[in-house]
Amino acid sequence: MRKLFETGNAAITEGAVAAGCNLFAGYPITPATEIAENMSRRLPQTGGFYVQAEDETASLHICIGGALGGLKAMTATSGPGYVLFADPYGWAIGSEIPLVIVNSQRVGPISGITGAPGQGEFYLSRYPTHGGNFETIVLAPNSVQEAFSMTVEAFYLAERFRTPVTLLADQLVTDGWASLSLPENETELNEMGLKVVPRSIHPGPIFYPPTDEIDVPPVVLGQNTGGACSDWTPTEEGYDTEDIEDQMKHANRLIGKILSHRDLIDRHESIYMDDDPEIVLVSYGSPSRVIGSAVKRAREAGMSVGCIRLKSLWPFQDKLFERRAVYLAVELNVDGQLVREVARASRGEVHFLGKCGELPRVSELIEAVDCLCDGCELKSKKWETVVW
Amino acid sequence: MDSLSTRYLRAKKIPSTACGGCGLGQVHKKILMAMDELALGVGDVVWGSGIGCAGRQTFNTWKGDNFAGTHGRVYAIATGLRLALPEDKKIIITSGDGDAFGIGLSHLLHCARRNVDITVIVADNLGYQSTGGQYGYTTPLGFVSDSSPYGAIEQNWIQNGIDILDVLRAGGATFLARHSSLEGYDAVKSVKAAIKNVGFSLIHFIYPCVSHFGPVSLKTRDIDRIFHWFKGIFEAGGVFGENFKSGIFHDAGNSRPEFASSLRSQRAEVEAGHLR
């Protein structure tokens, strides 16, 4: 095991290499540029290809083309590029093409501030394309080490579910420096609880089975299997169809394969949740790191408080919010995104603490929890707040 | 189905659902004739297609492996696929004028610049015909369409001294030709040369649309008259001007490094420790 002091961006690069990624196509964008730079150095060393695309639409389409030829592909971007994926993302979902998409979120909307963290693409990662009739898989790291491990896991899930997987990070996770343990071989990787699924090739002719099964090999072109892959609704053999029954079967498969295997996807971390605290802070990504400290101090001060940190965002883990409690969603936007899902999933009282372009301070969080303990509404002028 | 169709195409998709009298089948046939003469088998080619008449009617007609891209993006997809396939595997793309010269032009031009080894057949019916007949990037100036009821006023890509093939040549394309579906063996020869070029090749193939362009823009449903008009585009007094000719436009075949092979060569240097 190698011990390094590295950025999240470097950790993502090494995670991709460890997972067997052999194609990266991307367009430079702060704060994800460093991933592209690292990949341009690493992939030629490990038998892969680096392509600098003409725009993000091309980035993901080049990844799709490579994946269709049997390569394990990844791209990395930030919000302004992620939104340009709408077209290819939908195609990769519909045609069941495995690949990995990294989004290091920065504050927005639009170009926003390049060097400030944001969490504005929570819902965009659930609905990254038009047309409906699909589910997405989204993982969210909160540390440099997790940036590594979750990249490996993203490739693992992409292959098994035959779908694009988004790693939804943020500027602080990817730009931040921390210690990083890197496995030096597959045994060490497995010891970390991580697995690599090699690309398999569908032999045909039923490329799109009308079932919920996973571990179905993807279409790989150039093998003379008669593989067919298009942006149109496919028949089971990949022909374009206008038959509504085929459409229904396809939609059911895209949703069913993900929802029937939640055990492989769902991930969370519970902090001080064993004693069923009255107040539960909910977060993901970099704010969760501050929350850990805040919850510890609040408990020392006698407050009944715990924390749920989501490590997988989509499909949303409704079951985590079944217990009646006062929930406080903490996120890096002031319009409230995560909080809406918590409100939908929970039966308790739900509050929101949003920050715009910077992390909440421990003191702010403790003040908010204290306020909720007293049963009063969050009214501090230091942060935008709404009672949901 | 004739012998070429039986050998190369899928019975489920041929005949296609193209309109009776459409010239697309003749473009399709010329590609098959070229493949036959080059002795290419079903396993030697991966066939890609775009959106619109040309894309939808050719998708998955090939007996081997097929893909169809989102509108205008098939060139970027082919760029990625090129890296994954062995160098002797051909990628042939059939797309339309809107796909190549409109929505996908940026990706197309970047393929030319990178010299990606693909053969793009732009099957051009002079406008957006599958959506009902709107003007496009090759609709003659002044012509009426369903979205230019007073005549097309926007400069197109192939008239008044402007030529999309000039743009592609300047962008680095290594083989360019222009034909109509009504031509004979000369067009097949161009397709053969295009496929043999290990680099970016494009053939601009103009073909008659008898369902929209004929009735709306040429004001006739008479197939003979429509075909006669299309035959005349390369002749004296043709609508696109004197310099609009059929034939090979630019042949710099195998003169520039190909994209995927350049990346492979550099990778070999890195792996050998020559580049650090």
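How many residue pairs are in polar contact between domain 1 of chain A and domain 2 of chain A? The count is 17 residue pairs, both residues at pLDDT 80 or more. A polar contact is a pair of N or O atoms within 3.5 Å; within protein, one atom must be able to donate a hydrogen and the other to accept it, and residues adjacent in sequence count only if both atoms are side-chain atoms.

1. Basis of the note. This is a predicted model, in which local features need pLDDT of at least 70 and side-chain atom pairs count only at pLDDT 80 or more, while totals for chains, interfaces and linings use all residues. Residues are numbered from 1 along each chain as its sequence is written, chains are lettered from A and ligands numbered from 1 in the order in which they are written, and side-chain values use heavy atoms, with hydrogens and water left out.

2. The domains of chain A. Chain A is divided into domain 1 (2-191) and domain 2 (268-387); such bounds come from an automatic or database domain assignment. Between the C-alpha centres of domain 1 of chain A and domain 2 of chain A the distance is 27 Å. To their contact, meaning heavy atoms within 4.5 Å, domain 1 of chain A brings 27 residues and domain 2 of chain A brings 25 residues.

3. The size of an interface is often given as the accessible area lost when the parts come together. Buried area is here the accessible area (1.4 Å probe) that two parts lose on being put together, summed over both. For domain 1 of chain A and domain 2 of chain A this area is about 2,100 Å², with 56% given by carbon and sulfur atoms. Two salt bridges are found across this interface, a salt bridge being a side-chain nitrogen of Lys or Arg within 4 Å of a carboxyl oxygen of Asp or Glu. A:K311 and A:E146 form a salt bridge through their side chains, at 3.8 Å from N to O.

4. The side of domain 1 of chain A that touches domain 2 of chain A. Elements that each supply at least two residues to this side include β5 (99-107), α6 (122-126) and α7 (144-161) of chain A. Helices (H or I, at least four residues) and strands (E, at least two) are DSSP runs, numbered from the N terminus. The element that gives the most is α6(A), with four residues. By class, this side has 14 nonpolar, eight polar and five charged residues. Ala, Val, Leu, Ile, Met, Phe, Trp, Tyr, Cys and Pro count as nonpolar, Asp, Glu, Lys and Arg as charged, and the others, Gly among them, as polar.

5. The interface of the two chains. Chain B brings 40 residues to the contact and chain A brings 43 residues. The area buried between chain B and chain A is about 3,300 Å², and carbon and sulfur atoms give 58% of it. Of the area that chain B buries against chain A, 19% is supplied by B:R56, B:D65 and B:R267, more than by any other three residues.

6. Chain B and chain A share six salt bridges. One of them joins B:R73 to A:D87, with the closest N and O atoms 3.2 Å apart. Among the elements that give two or more residues to the side of chain B that touches chain A are α3 (53-58) and β2 (65-68) of chain B. The largest share of that side comes from α4(B), with seven residues.

7. Strand β10 (residues 228-229) of chain A runs parallel to β2(B), and two bridges join them; strands pair if DSSP finds at least two bridges between them. A:A228 stands opposite B:N66, and A:C229 stands opposite B:F67. The open sheet has eight strands with mixed pairing, in the order β10(A)-β2(B)-β1(B)-β3(B)-β4(B)-β6(B)-β5(B)-β7(B). Its edge strands are β10 of chain A and β7 (247-251) of chain B, each pairing on one side only.

8. Backbone details. The peptide bond between A:G108 and A:P109 is cis, with omega about 15°, and A:P109 is in the loop between β5 and β6 of chain A. A cis peptide bond also joins B:I14 and B:P15, with omega about 0°.
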